Amino acid sequence: MTLKRVYLDQRDWVALARQHYGRSHDNTIAGVLAMVREASESGHASFPLSAVHYQETYHHRNPDRRRRLGAFMAEISQFHTIACATDLLAAEVHVAVSALTGATPNRAPVPFGIGAKHAFKQMNGYFTDPETERRAIAQFGADAVSGYFEKALLMGPEEQLPFAGIALPKREFSQRQLDFERETASKLRQWGHTSDRAHRLVLAQEAHDIVAPLNAEIAARSHTRDLVDDRAALTDFMMSLPAKAAICRMRMSAHEDKNFRWHLGDLNDITALGTAAAYCDIVVGEKHWGSILRRHAPHLTADITSDLRDLPQLLLK
């Protein structure tokens, strides 16, 4: 049986956890929870966590609620994680350029892995002292040490945050993105909003991110064709990149609606759901962004729903 990767929005993790702990008594959700648990335990499905899940879990100021949710997420996910789109971009570009040049790629995107280190990429190891790490592994075993720390990273401390140097997640990047999206919407209003202008502006903004890795690939291959100088070719190239294209399509759809209202959490929704839609088999997403993703279903790997009750049918598909 083929493993299915299932990405759950944070609200759906909360709904399942509430059912698990007896804080909700919805028979339909109880059935979903039973199937999710069975699919995780049997290996039929994997429920990867993103960096966004860790961040949103840590926003719970009530430590009991945070730790209950974290423990449930640890049990079901088994610490499977999905990388961020920005961490996959260079490899996506490499594979796409290899396809254009007829070369065999020597690396590929690695969207799925184990632990917070994969989700965040830049996170350091569990220990600062190699000797302490060696002794811990010798005494308890590598799996036990990893499981202990991974669960602790999901659950956080028993105290209310911030505590002992563990801060609440910062929202500066989300605020920066919110300001950027509102500025983009303002430019479109000034120019005279049309869907075409919205698409062109978003495409230009998103293409900026791939110029450096694309030119690095071209230079490394001594390739003379510079896609950056051909706008149409650059657009086609960018839209062949799985996660990058999904995120671009989400932003284009939002900006083509002149009445769309951006919110602080939209950055997390776009990056997490866009990446998951490009690489997972099933995505249970927030209602509005889930609706937008369904418009682009032919370009996505995942089946998209915004209703957790659809999950059993999708798992059996």
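## Basis of the description

Residues are numbered from 1 along each chain as its sequence is written, and side-chain values rest on heavy atoms, with hydrogens and water left out. Because the model is predicted, local features need pLDDT of at least 70 and side-chain atom pairs count only at pLDDT 80 or more, whereas totals for chains, interfaces and linings use all residues.

## The sheet

Four elements make up an open sheet: 4 strands in the order E2-E1-E5-E6, with parallel pairing. E2 and strand E6 (303–305) stand at the edges with a single partner strand each, so one side of each has no neighbour in the sheet. Helices (H or I, at least four residues) and strands (E, at least two) are DSSP runs numbered from the N terminus, and two strands pair if DSSP finds at least two bridges between them.

Strand E1 (residues 4–8) pairs with strand E2 (residues 45–46) over 2 bridges, and Arg-5 stands opposite Ser-46 in E2. E1 is also joined by 3 bridges to strand E5 (residues 282–284), where Val-284 is the bridge partner of Leu-8. A further 3 bridges join E5 to E6, with Val-283 opposite Ile-304. Of the 5 residues of E1, 4 are buried; buried means under 20% relative accessible area, exposed over 50%, and partly exposed in between (1.4 Å probe, protein chains only). In a regular strand, side chains alternate between the two faces of the sheet.

## Nonpolar cores

A nonpolar core is a set of buried Ala, Val, Leu, Ile, Met, Phe, Trp, Tyr and Cys residues joined through side-chain atoms within 4.5 Å. The largest such core has 30 residues, and those with the most contacts inside it are Tyr-7, Val-283 and Trp-289. H5, H12, H13 and helix H14 (287–295) each supply at least two of its residues, and the largest share, 7 residues, comes from H13.

Leaving aside neighbours within four places in sequence, Trp-289 is in contact (heavy atoms within 4.5 Å) with Met-250, Ala-254, Phe-260, Trp-262, Asp-266, Asp-269, Ile-270 and Leu-273.

## Pocket and cavity

Both kinds of space are found on a 1 Å grid over the protein atoms alone: a cavity is a set of points where a 1.4 Å probe fits but cannot get out, a pocket is an open set with protein on both sides within 12 Å along at least five of seven lines, and lining residues have an atom within 4 Å of a point. Grid points are joined across faces, edges and corners, and a volume is the space filled by probe spheres set on the points.

The largest pocket has a volume of about 1300 Å³. Of the 43 residues that line this pocket, Cys-84, Phe-173, Leu-267, Asn-268 and Thr-271 are the closest to its centre. Two or more lining residues come from each of helix H3 (51–58), helix H5 (85–101), helix H6 (116–120), H9, helix H10 (195–220), helix H12 (242–256) and H13. The pocket lining divides into 17 nonpolar, 13 polar and 13 charged residues, where Ala, Val, Leu, Ile, Met, Phe, Trp, Tyr, Cys and Pro count as nonpolar, Asp, Glu, Lys and Arg as charged, and the others, Gly among them, as polar. Helix H9 (172–191) and helix H13 (266–279) are the elements that give two or more residues to the cavity lining, and H9 provides the largest share, 4 residues. The lining includes Ser-174, Trp-262 and Ile-270.

## Three individual residues

Ser-98 is found in helix H5 and counts as buried because its relative accessibility is 0%. Beyond four places in sequence, Ser-98 is in contact with Ala-103, Thr-104, Pro-105 and Arg-221. Met-239 lies in the loop between helix H11 (231–238) and H12 and, at 19% relative accessibility, also counts as buried. Not counting residues up to four places away in sequence, Met-239 touches Leu-203, Ala-245, Cys-248, Arg-249 and Met-252.

Gln-55, in helix H3, is partly exposed, with a relative accessible area of 29%. With residues up to four places away in sequence not counted, Gln-55 touches Phe-120, Pro-169 and Asn-268.
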